[in-house]
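Reader: I am new to reading structures. Can you take me through one, feature by feature?
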Amino acid sequence: MDNQISATKIAAFGMRAQADRLRHVSENIANADTPGYRRKLVTFDAVIAQGRPNGLVEASQPHLDRSALDRIHDPAHPMADAQGFYDGSNVDLVTEMADAREASRSYEANLRMFEQARQMSSSLLELLRR
């Protein structure tokens, strides 16, 4: 029974981490045209309990992508400098869409694992009641 509880807990932590990742990807896509916006990134950290890893992961606090911002030439833009350039964002929509698809698929895989573990637990409880 503990294995099923562990499996559901691992899947739940995985779903939460992927949901956080997907939220930041969505923010990046929404701000792709915002001048000076830097892409947010998250990594996955192992959850350490009682001094050892236990298979659980969580999304880190977001950090900013420090790659160069696009220089856009538009002399009419209110943020343009004397040469007519302003800093755009460093969001690449193709990369963000790929990250969104990966996060979505990982979330779905964790959801399937959660459901299977839950069904197994229900079946075991049913057998024990007989």
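**Reading burial and salt bridges**

Author: Start with Arg21, which counts as buried at 12% relative accessibility. Buried means under 20% relative accessible area, exposed means over 50%, and partly exposed lies in between (1.4 Å probe, protein chains only). This is a predicted model: local features need pLDDT of at least 70, side-chain atom pairs count only at pLDDT 80 or more, and totals for chains, interfaces and linings use all residues. Residues are numbered from 1 along each chain as its sequence is written, and side-chain values use heavy atoms, with hydrogens and water left out.

Reader: Which residue forms a salt bridge with Arg21?

Author: Here is the general idea. Side chains of opposite charge can pair when their charged atoms come close. The rule asks for a side-chain nitrogen of Lys or Arg within 4 Å of a carboxyl oxygen of Asp or Glu. Arg21 pairs with Glu102, with the closest N and O atoms 3.4 Å apart. This pair links distant parts of the chain: Arg21 is in helix H1, Glu102 in helix H2, and 81 residues separate them. Helices (H or I, at least four residues) and strands (E, at least two) are DSSP runs, numbered from the N terminus. Glu102 counts as partly exposed, at 45% relative accessibility.

Reader: Which helix or strand does the salt bridge of Glu27 and Lys40 tie together?

Author: Glu27 and Lys40 bring their closest N and O atoms to 2.9 Å. Glu27 lies in helix H1 and Lys40 in strand E1 (residues 40-41), so the pair ties together parts 13 residues apart in sequence. Glu27 is partly exposed at 24%, and Lys40 is partly exposed at 27%.

Reader: Are Glu96 and Arg39 buried or exposed?

Author: Both Glu96 and Arg39 are buried. Their side chains meet in a salt bridge, 2.3 Å from N to O. Glu96 sits in helix H2 and Arg39 in the loop between H1 and E1, so this pair ties together parts 57 residues apart in sequence.

Reader: How many salt bridges does the whole structure have?

Author: The search finds 11. Some form a network, which links Arg21, Arg39, Asp65, Glu96, Asp99 and Glu102.

Reader: What is His24 in contact with?

Author: Contact means heavy atoms within 4.5 Å. Leaving aside neighbours within four places in sequence, His24 touches Lys40, Val42 and Pro62. His24 lies in helix H1 (residues 2-30). His24 is buried, with a relative accessible area of 6%.
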